[in-house]
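Work through the exercises below with the sequence and the structure in view. Each task is followed by its solution.

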Amino acid sequence: MSATGFLRVLAVDDEPPALDELAYHLRADPRVARLHTAGDATEALRVLRDGDVDVVFLDIRMPGLDGMELARVLRRFARPPAIVFVTAYDDGAVDAFDLGATDYVRKPVRAERLAESLRRVIGSRVVPSHPAALAWTEEDPTIPIELAGTTRMLPRSAVRWVEAQGDYARLHTADGSHLVRVSLATLAERWADAGFVRIHRSYLVQLKLIAELRLVNSGYVVVIDSAELPVSRRHTRELKDKLVRAAKQDWSR
């Protein structure tokens, strides 16, 4: 299915060559209907004041108000745009996730990488202003994780269960685990519609991946892959109800 442009985009970078390159690639993408550019946060806020924008591609290190600070301002908007950070540095990925960024792109930018960012933007938000948005919908947002100095984008669908570790959360996948600086409570709220359920103050699991709910001496546990995770008493009844409802839906299909 093809789609004509429908996204309203703002690109912000204080370095003209970098801004020109970013703008060139964004203009070439068929999903972009209108592109604005700004050389600093003040100019960006002026653009945003004058009209709605769906996504801001934002450099981090800028004089005056930097990209992270501008993103915090944008979060307070009644209808905040999606944020994609575009930077030459690795060290902001965790903070970017804390701010709810949709993506984190390393410079120098590549057309195919920006195209992936636009897919993530469309998948993470509803763009009702144009029916063509349906042609590009993707419902698997990603999480930036740090691996030996490299920022990797982990799809949410790869996460089997999540374990709280203080102010951090450990995301468990089929082939390992990754620590991210975000609270379990935040993930529980953001991922509820994707089938993740709280079973304990320290555990969040993907409901459809539960293989067993087992009674042991100390209470109930769930089994996901080969892991046994405790279920707290306050979550047991709700979890049983959700498992029964999910099973009934499967039977009725």
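**Exercise 1.** Over which residues does pLDDT (the predictor's confidence in each residue, from 0 to 100) stay under 50?

Solution. This is a predicted model, in which local features need pLDDT of at least 70 and side-chain atom pairs count only at 80 or more, while totals for chains, interfaces and linings use all residues. Residues are numbered from 1 along each chain as its sequence is written, and side-chain values use heavy atoms, with hydrogens and water left out. The stretch is 126-138, where the model has 28 contacts (heavy atoms within 4.5 Å) beyond four places in sequence. For the chain, the mean pLDDT is 84.

**Exercise 2.** Find the order of the three strands in the open sheet, and explain which stand at the edges.

Solution. Strands are DSSP runs (E, at least two residues), numbered from the N terminus. The order is S13-S14-S15, with antiparallel pairing. S13 (212-216) and S15 (227-231) each have a single partner strand, so one side of each lacks a neighbour in the sheet. S13 and S14 (residues 219-224) pair over five bridges, where pairing requires that DSSP finds at least two. Arg214 stands opposite Val221 in S14.

**Exercise 3.** Is Thr236 buried or exposed?

Solution. Thr236 is in helix H7 (residues 233-251); helices are DSSP runs of H or I, at least four residues. Thr236 has a relative accessible area of 12%, so it is buried (under 20%; exposed is over 50%, partly exposed in between, 1.4 Å probe, protein chains only). Beyond its neighbours within four places in sequence, Thr236 contacts Tyr220 and Val231.
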